[in-house]
Amino acid sequence: MYRYDDFDRQLVQERTEQFREQVKRRLAGDITEEQFRPLRLMNGVYLQLHAYMLRVAVPYGTLRADQLRELGGIARKYDKGYGHFTTRQNIQYNWPKLDEIPDALLDLANVEMHAIQTSGNCIRNTTTDQYAGAAADEIEDPRPYCELIRQWSTFHPEFTYLPRKFKIAVTGSPNDRAAVKVHDIGLRMHQNDAGETGFEVIVGGGLGRTPFVGKTVRDFIGKNDLFSYLEAILRVYNRFGRRDNKYKARIKILVHEEGVEEIQRLVEEEWAQIKDGSLRIGDDEIAQYIEQFAPPAFEPLSDDDADFERHKAENRGFSNWVRSNVIEHKQPGYAIASVSLKPIGGIPGDATDVQMELVADLSEKYSFSDVRVTHEQNLVLPHVKKADLFALWTELDKANLGTANLGYVTDIIACPGLDYCALATARSIPLSQRISERFGDLDRQHDIGELKIKISGCINACGHHHVGHIGILGLDKRGKEFYQITLGGDASENASIGKIVGAGFSEAEVVDAIESLVTKYIDIRDAGERFIDTYRRVGTDPFKEVLYGDR
Amino acid sequence: MSLQVVTANRLDDGLVVFLTADGGWSENIHDSRVADGKEAAAVLLKEASAPELDVVIVGPYLIDVEQGDGGLVPTKYREVLRTKGPSVREDLGYQAV
């Protein structure tokens, strides 16, 4: 995994000290809130409903054991014993005190972490496939490129005051687990006809109040040219992106208003001028970064492990967990194990200090100290020997971390919603808890199969409701919480934006409405169809009918 | 009759506070000074927005309240949550005390 060099270390430490001074000046009254607000936001500090919130970056969702242990420690020392993993593979603390945040940032800096690029109109923390470097289906580990994007984008002087925030996601696999088509820039690794590996460049995707699936501006850009090409896109956006209206300032609006052909023309024109400059990365440099993410020292193992098979046969809980939470690894004898942060009836994405420390310990014991955060708000131990899976599950299960529900109806994405967020219009978490309880029976979840429910507590769509197979948007209707349902969204390589199915539902009605949709799907599905497949085959009408009848 | 109080977040710890009768800030909405009517509310907000309070609180604003059996209650659920804490963690926030 990437380790800071002296430059990174100095940069983060100096930033921490700068912020300490800024906080001191704010508390002394030397600067006003108006002056301080942009400074705190550039350091990940928001003011939310009940208190300050500190959002810490987990670059491309990759953590070492010592880093996750520190995140647990920070939860205990500066917060109330827990943290919340977000849809951007970051972690948020909900109760830090302003005057203690500089100390928390120093503790983070000591484990090569920070809160930079978690707020403000800059290029935000880059996200990627949580199974990077482990997935059997990947072309190449995308993280070396993510790290290069991090270095290129951090404090980029030209792109610190963009029209609006800017999010880049990368997938190294044809099976997109990073939702790249709903990002400002999505990079999909693939090979061209000459057999070279590079990226399809997708621009202008996004969620929020105006959702779009991104459009391809270039089918293929070679690795050496990736950074100059990104720079060209950002320059076009920085120059032409709207600054007159916050809600029309994202690049998706520019792409929509100008058309992808015009954006393509502008980007290519800009790129022609800079492509042979300093941003062209040589093969040697790329090789150095690939080396930083070299696979761990895997043992040569058979892919068949008799003890693993025996435990599966003897222990139903374990076999259920393997069925949903364990997937194939590229290395024989190893597997990728997901740690669900969605216990039945629990709060999606929340983990206690003790749980974080436990997963850190388990990653040291079983996964080469490597942990991942997923945009679906779970954790992953990416490199576990099949022979160790039973011991791992046993320890996870004791800590309420062994829930066997990955990809099922109870593996719900939910933003913090009105319980924490100052922007929210309705609560998300209690609804996710009630849906989770309603469908908690595991046999029922198996019967339903893959079903992605995503809940946002406002139109900003942090809960990705637009790309939920079933999406739920919480609104305020004359002072009451009110939930609008969308159907047919998809965040994968077949990305689509869900359609609003009809009038919304009250808090009391909405779980029944979801259940009737699921029941309808079970009634009409063909063999082997997931909810999204059935929806695509039959369209909205049968589902509409079950919700509204003749209404 | 519309009753309003001023709320804000405290600068140092970010916690929710309410403007009190003596010009201080309390964590308890029941200690709030209540404005009855638009003019009184404007006076209250002006007081809470004094530049010298910029080192005490952040973002003061008026909220609608009603006089309930147990004291003042915000009319909007968002503000009810601010007086209590997250509905999903009753062990946290003012409700836990």
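**Exercises on a predicted two-chain model**

In chain B, 47% of the contacts with a separation of 6 or more link residues 24 or more positions apart. The structure examined here is a predicted model.

**Exercise 1.** Determine which elements make up chain B and how its radius of gyration relates to that of a compact globule.

*Solution.* 
1. Chain B contains two helices and six strands.
2. Read from the N terminus, these elements follow the pattern β-β-β-β-α-β-β-α.
3. Along the principal axes, the C-alpha atoms of chain B fill a box of roughly 35 × 35 × 20 Å.
4. A compact globule of 97 residues would have a radius of gyration near 13 Å; chain B has 13 Å, so the two agree.
5. Of the 97 residues in chain B, 32% are buried.

**Exercise 2.** Characterise the side of chain A that touches chain B, and identify the element that contributes the largest share of that side.

*Solution.* 
1. The contact involves 22 residues of chain A and 21 residues of chain B.
2. On the chain A side, α14(A) supplies the largest share, namely three residues.
3. Sorted by class, this side of chain A comprises 11 nonpolar, five polar and six charged residues.
4. Helix α14 of chain A spans residues 429-438, and its buried residues are I429(A), L431(A), S432(A), Q433(A), I435(A) and S436(A).
5. These buried residues pack against several elements of chain A, including β18 (470-477), β19 (480-487) and α16 (510-524).

**Exercise 3.** Describe how helices α7 and α8 of chain A are arranged and which residues meet.

*Solution.* 
1. Helix α7 (residues 251-258) and helix α8 (residues 260-274) of chain A pack at an angle of about 110°, and their axes are 6 Å apart.
2. Angles of 65 to 115 degrees count as roughly perpendicular; therefore α7(A) is roughly perpendicular to α8(A).
3. From α7(A), the residues L254(A), V255(A) and E258(A) meet V260(A), E262(A) and I263(A) of α8(A).
4. By class, the contact of α7(A) with α8(A) holds four nonpolar, no polar and two charged residues.

Terms used:
Residues are numbered from 1 along each chain as its sequence is written. Chains are lettered from A and ligands numbered from 1 in the order in which they are written. This is a predicted model: local features need pLDDT of at least 70, side-chain atom pairs count only at pLDDT 80 or more; totals for chains, interfaces and linings use all residues. A residue is buried if 20 or more other C-beta atoms lie within 10 Å of its own, exposed if 12 or fewer, and partly exposed in between; C-beta atoms are placed from the backbone. Helices (H or I, at least four residues) and strands (E, at least two) are DSSP runs, numbered from the N terminus. Two residues are in contact if their C-beta atoms, placed from the backbone, lie within 7 Å. Ala, Val, Leu, Ile, Met, Phe, Trp, Tyr, Cys and Pro count as nonpolar, Asp, Glu, Lys and Arg as charged, and the others, Gly among them, as polar. Axes are lines fitted to C-alpha atoms, for helices over the stretch in contact, and angles run from 0 to 180 degrees between N-to-C directions. Angles under 35 degrees count as roughly parallel, over 145 as roughly antiparallel, 65 to 115 as roughly perpendicular and the rest as oblique. The radius of gyration is taken over C-alpha atoms; the globule rule is 2.2 Å times the number of residues to the power 0.38.
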